[in-house]
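Student: Could you walk me through a few spots in this structure? I'd like to begin with the surface and then go inside.

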Amino acid sequence: MIVKRALISVSDKTGVVPFAEALVSELGVEILSTGGTARALREKGIAVTDVSSFTGSPEILDGRVKTLHPAVHGGILCRRDHPGDRKLIENGSIRPIDLVVVNLYPFRETVAKPDVTIEDAIENIDIGGPTMIRSAAKNHAWVAVITDPEDYDSILEELRKNGGEISEKSRRRLAVKAFRHTAQYDAAIDTFLSDRLEGEHVFHGYYVDGRVLRYGENPHQTPAYVYRNPASDEPSVVSGKLLHGKEMSYNNYVDANSALAMVKDLADSIAVSVIKHNNPAGIATGETLAEALERAWYGDPLRTTPMGSVIAATRPVNLAAAEFLKGRFVEVMVAPGFEPDALEFLRAKSKDIRLVEIAPLATGTPEPFMAKTIAGGLLVQPVDRHVTATWNVPTAAKFPPTLEPLARFAVIAVKHTRSNAIILAREYRPGYYELVGLGAGQPNRVDSLRALAAPKARANFEMEYDEKRALKVKAGETRDEYVARQFANVVLASDAFFPFDDSAVAAHSWGIRYLVQPGGSIRDDEVIATCDRLGIAMALTGMRHFTH
């Protein structure tokens, strides 16, 4: 299919002048155009035939009707191998159009303005453009359609190489892209008008590049897929590059997303998260990445817990961090880069470990919303991007300002732990923090503390004392004394308020002196009174972080 005639009518004129100029001067293509596009091309000395001259009908209704004409759509839709269509072409009733270059009125940009009126929105609903796009995409066996200025250069290069022809493969690709373009455009119109005219909220999701996964959460859950959000430029596992290892599984994606979300909240620090089944086995900051990884790895006292984990880091992985993983089984490691010697080491360590490189955490725009499917519907909410709303210490015992950074770290950790959640965190040396005990997913909050987080912390302290990894053991200090001193300096963070004072009582029984929780219970005064009686300092953040 040699391109002899092209119709160009674009709202976004980026790159259209040099593209049209090359079509005319290098390939001898006749250009049809309308309105502002025709003027822009003529101003640059490019020969243009007005669509009104081509159709014999002037634009009407202040430009609302320009291209809605049988001459235009007959030219686009005619089948070059159909006898009836060929007859119309041969007798001059139809003049074929081989290339359609159209992008649409800026409806989405218009309705994004806070003061947009319904009249402005309606006038920016393109009619002729989508019609031409769909006609050309439907007849892609004979016609090419370009809706994205990013395609100008590649198509122009193909035309030059192929003597003015656009391949069937390219026409198919462009047709799919065109139908996606109009589908998203119509979805934007539906979303806006449903709200403005009917008061109805409509949600349109759009995801591409679907990849088949081996199975879902369990082997019997097939088929399973992962899709990419083309509108997102936030660093993510889905858009990351798999540098080594097996293909990602469904559970790998879920855990890696959780691991990455956790360290994004610590992007200003050198930090590492270690995730198992969507909960942190460990999280820590460090002076070096190797230090943060080691402290995070030992977040759970059962040393086999991190085996088969998913790890995320805020910094590129260097050799020292990679060497820590020698002899340790890891499913996935996600980081904004891997230094060459670290990548070589990890590849040699295991043929299966998945190494996913993402963009630097400071790049891109965070996605504003998240969605979860439920039977019969969809839940949509803003992504939880916050840590605290206030910092109020209502207890008689005051929260030392020096412990506030540790408290923030603890709140970040508990924010990314499944509810009901309790986190115990420690400053293991000045300015660096780690998780030492975690209780997650319990039906009641106090059990997350007394049955899980506190016993795990005690086991951690005892093991580090026994393994000679203890933090500055005092002369003659016994194991129990060391453990008690560690508990006295941890911060406990809760993802939601204390409905009763039992969590404060349980914390005191373990020697914990510093609590952080959102507040907001009808029994806040009772909890505060209990803290005062027990000498506990408690801060209220005014922000709950349920995670389900």
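Tutor: Patches are made of residues with over 30% relative accessible area and no salt bridge, where like charges are joined within 9 Å and nonpolar side chains (Val, Leu, Ile, Met, Phe, Trp, Tyr) within 5 Å. A salt bridge is a side-chain nitrogen of Lys or Arg within 4 Å of a carboxyl oxygen of Asp or Glu, and accessible areas come from the Shrake-Rupley method with a 1.4 Å probe, with only the protein chains shown counting as cover for residues. This is a predicted model, in which local features need pLDDT of at least 70, side-chain atom pairs count only at pLDDT 80 or more, and totals for chains, interfaces and linings use all residues. Residues are numbered from 1 along each chain as its sequence is written, and side-chain values use heavy atoms, leaving out hydrogens and water.

Student: OK, which residues make the nonpolar surface patch of about 380 Å²?

Tutor: Phe-203, Phe-369, Leu-378 and Val-380 make that patch. Phe-369 belongs to strand E14, residues 369-374 (helices, H or I, of at least four residues and strands, E, of at least two are DSSP runs, numbered from the N terminus).

Student: Why does Phe-369 count as exposed?

Tutor: Because its relative accessibility is 52%, and exposed means over 50%, buried under 20% and partly exposed in between (1.4 Å probe, protein chains only).

Student: Now Ile-353, buried or exposed?

Tutor: Ile-353 is buried, at 1% relative accessible area, and sits in the loop between helix H14 (340-349) and strand E13 (354-357).

Student: What does Ile-353 touch?

Tutor: Setting aside residues up to four places away in sequence, Ile-353 touches His-244, Gly-245, Val-330, Glu-331 and Leu-346, contact meaning heavy atoms within 4.5 Å.
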